[in-house]
Each structure stands twice: as C-alpha cells, then as structure tokens.
Amino acid sequence: MSFVDNNFTVPPPITVAKFGGTSVADYAAMSRSATIIKENPSAKVVLISACSGVTNLLVELANGITDNEQRSQRLQQLHTIHKNILNHLTNPETVSGDIQRLLDDVAALSAQAAQTASSQLTDLLVSHGELLSTYLFTQILNEMGADALRFDIRPVMKTDSQFGKAIPDIDAICLQAEVQLKPLLANDQIIVSQGFIGSDTNGVTTTLGRGGSDYSAALIAEAIQADKLEIWTDVPGMYSTDPRLAAAAQPIKEISFCEASEMANFGAKILHPSTLVPAIRQQIPVFIGSSKAPEQGGTWIREHVEQPPKFRALALRCNQTMVTLTSLNMFHAYGFLAEVFRILAKYKISVDLITTSEVSVSLTLDQTDTGGGAPTLPTAAIEELNQLCRVEVEQDLCLVALIGNKLGEAPGAATQVFSTLEQYSPRMICFGASTHNLCFLVKTNESRAVIKTLHHALFE
C-alpha cells in the first residue's frame, strides 16, 4: 500500500514503537501492548524489553552465584515468569521449544559465571531477557491475527566492544538496517525485535547499558527514517517530577527536545539519556504514553514548542559519586586539569558534572553499565591521580536538577530555588553552563524531601 500524490509514490508512514519491561511483564500486559500495535497501521517495527524483573535476575546470575540452591531458585523464577505467559497462549508449542532452549542456555551460562564472571559473559547472559520476551510477544500478535515476524536485532545493532555500556556504530547500523531490516518492511509485516542488545564487529553480544532499550529504538527509527517514535511505559507521559516524589506532579503534554534531553540526562527514569539524540538528528517526533492506559494520551517531544515555561520540571538521579581532587600545585598553574582528564580518559571514565576552585576540582560519576552498584574510580586510576593530588571519594549522594528555559537570563531564578532550601545543605552547585538546568548534590536521605519542597515552591 502506498499513497500517490501528483504521480509520485509516497511510502506509507512508519512508526517505531518500544515497550518497556512493565509493558511486557506478563500475558495481560503483553496483550495490551499487542493491541496498541494492532490498532496502529503505521506501527511496523516494535522493540521490546525483557519481562519486568527478568534483567535483575539475569544480572544476579551473571555476577556469579556460587550457591547451587540459590542459583536454582533464580533460574526457577525465570522459568515461572515465561512459562506463565506460555500457558496463556492458544498455540504454545509454536514457541515453547525456543523458550526452553534459551532458558537452558541461561542455566549453562549462569553456572559458568559462578566459576568466572566477566563483563562479556554478563552481556550475553543479560541479553536472554529480550531474546525470550520477543518470542512470546510475536506469538501473541500472531494469535491476535496480526502478521508478525520475530527478528534478531544483533546483526543490525552494531556497537564497539565495551561490554556493559557499548557505544553504537551509527554508520554500521544504518548500513545493516538498509540491507537486513528495510526489505522486511516492504512485506507489510510487523517486525518484533529486541531493545538494549547488539553485537560488536566480531558478532559477540553486547548491551547498551541499563535503560538502553529506548536508545536502541531511537537508533532504529533513525536508521529506517521512521516518521514517529513511540515509547510505551507504565505512566502516561512525562511529569513536572516523579509523581512518587510529589503527589501534585503535573503532566506535560508537549516539551522540546532540549528540555526532554535535560530531564532524561538528569534522572527522569521515563527516558534513557541518549534516546533523543538520534531523534534530534532526524527530527523524529517522540511520543511517550502508558501501555496500561493509552486512552489517557501522553507527552509529545518535538523540536520546538510554543511559549516554554521558565521552570519545566525537577529530576532526581541517585547513586551518585563525587570525587574531589585537591592540590596546592593547582594554584595559578596550568596543565593540572589537562593531566587529570588525561588520566580519566585513559581509564574510560566519563565525567558528568564538574566544579573548580583555585586548588581543587570536584566531579561526579554516574552508573551507566549493566553491573549495578555505586559508580567508582578504578584502583589504578586512583593510584595515578594520587601522584598528582589528594583524592577524596564520597558516595551516597543524589543529584537534583531543575529543568527550564533561559534560566541564566531569568532574574531571581537561583534565589527562588535556594531560598526554599535553607534547612538543607546543597553541594557542588552547577549553574550557568546550560540555560536549561540548575543542579546540585544532596545527601540521599534528604533527596525526596528536597524534591517535594522545591516542587511545592515552584510548581504548585
């Protein structure tokens, strides 16, 4: 089917849809999500996450569980989650063999991880969550009368070999999508594939880091020149803050790429920080909605919006580590920061926020890979930095970010924020480098109260 205008054949619109773990948690959730796809004729590429809770179980197994009974319990949990969905299918035998084969692979790999864990093995083990869920989701679509095809995304989603947080190869992805994915779109089928996972140049399985399903969906949307990207989750769009932190959080119907990027980068869990980069490159509108209640609408993210407000939202990102480097030799010296960042680059350490004084520099690290745990500096990096300066590492911190527009030009914006926080002790305040955010660190045990206080003062 195509649309004809002035004798030119125009291809039908294509939507790439991504469903998170809660949207494919069980048979009922998968059925709701499949209905959304079936009712949208333009939804031709669907990327889904592992069933809710599965990735965490796989990470546990990948970290190496030496106790056989405990490992068996985790494997049984995985078995139960997927078999419960199988039991609801009309024709479970169509995919039951594939499901069992993957579960057997998980058992073998988890035994291997109990002997010797590695980041490469972790990626291979964790990838099984998406491999499993896509078999089940494809079968549900087909039993609903749709023409769905399961597709292994790994040969298309090409990355480097940084296991746990692999970097996509944009050119290779576009090339492989042209060769392997686009021909399937001509068959008018619904292609069901995996978010979060890919492969390096040697075909070894990689992952894009926790939350990477959104990012991979955006990369595929870019590669096939999709008209829209839909992110389906368990909440109806973006809010002025997480409703679990402030009950009066307000829904956002429309937001700009810049604002949404800041929200994602600073901890809004509804969106992966890198998701919008491919969408911005191709100016693909992004919709975020709830698979549980699609009728409630959601949030549209576009290049520009009319009359953006001064204060848009508050974001919270916990599990932060602050590193402070102090040296009297830094006073009126040049080259100190260059040497610091040379060392950090050597150990592939990505710096998030940074502030400086005459004799010290503070910076934050953020956890991005699949391993979990608090981010920290490698021992070798600390030893090398110790030769240059004194190193202090502080954990148990959260980053609070106020997202808005032209904050640096708005008189009294900073006063409005900090006058409400007299009873707290904000750390490492960053303001001015971006016109879209003001951020600072607080202790984890104060973070929820800080968000609630600020939201009441600025948005209610």
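**Entry 1: strand β6 and its partners**

I looked up the pairing of β4 (residues 43–48) with β6 and found four bridges, the two strands running parallel. The model is a predicted one. In that pairing, leucine 47 stands opposite serine 193 of β6.

I then checked β5 (residues 148–150). Three bridges join β5 to β6, again in parallel. Arginine 150 has valine 192 of β6 as its bridge partner. I traced the chain from β5 through helix α7 (residues 170–185) to β6, and this β-α-β crossover is right-handed.

Next I asked how many residues of β6 are buried. Five of the five in residues 190–194 are, so β6 is largely enclosed by the rest of the structure. I noted the side-chain directions too. Ile190, Val192 and Gln194 point one way, Ile191 and Ser193 the other, and all are buried.

**Entry 2: cysteines**

I searched for disulfides and the count came to one. Cysteine 318 and cysteine 398 form it, with sulfur atoms 2.0 Å apart. The pair links distant parts of the chain, 80 residues apart: cysteine 318 lies in β15 (residues 311–326) and cysteine 398 in β18 (residues 390–404). I read the torsion about the S-S bond as about 105 degrees, so the disulfide is right-handed.

Cysteine 318 is partly exposed at 29% relative accessible area, whereas cysteine 398 is buried at 0%.

I also checked cysteine 258. Its sulfur is 16 Å from the closest cysteine sulfur, in cysteine 439, which is too far for a bond. Cysteine 258 is partly exposed, at 44% relative accessibility. Cysteine 51 is buried, at 1%.

Methods. Residues are numbered from 1 along each chain as its sequence is written. This is a predicted model: local features need pLDDT of at least 70, side-chain atom pairs count only at pLDDT 80 or more; totals for chains, interfaces and linings use all residues. Side-chain values use heavy atoms; hydrogens and water are left out. Buried means under 20% relative accessible area, exposed over 50%, partly exposed in between (1.4 Å probe, protein chains only). Two strands pair if DSSP finds at least two bridges between them. A crossover is right-handed if, with the strands pointing away from the viewer, the path from the first strand over the helix to the second runs clockwise. A disulfide is a pair of cysteine sulfur atoms within 2.5 Å.
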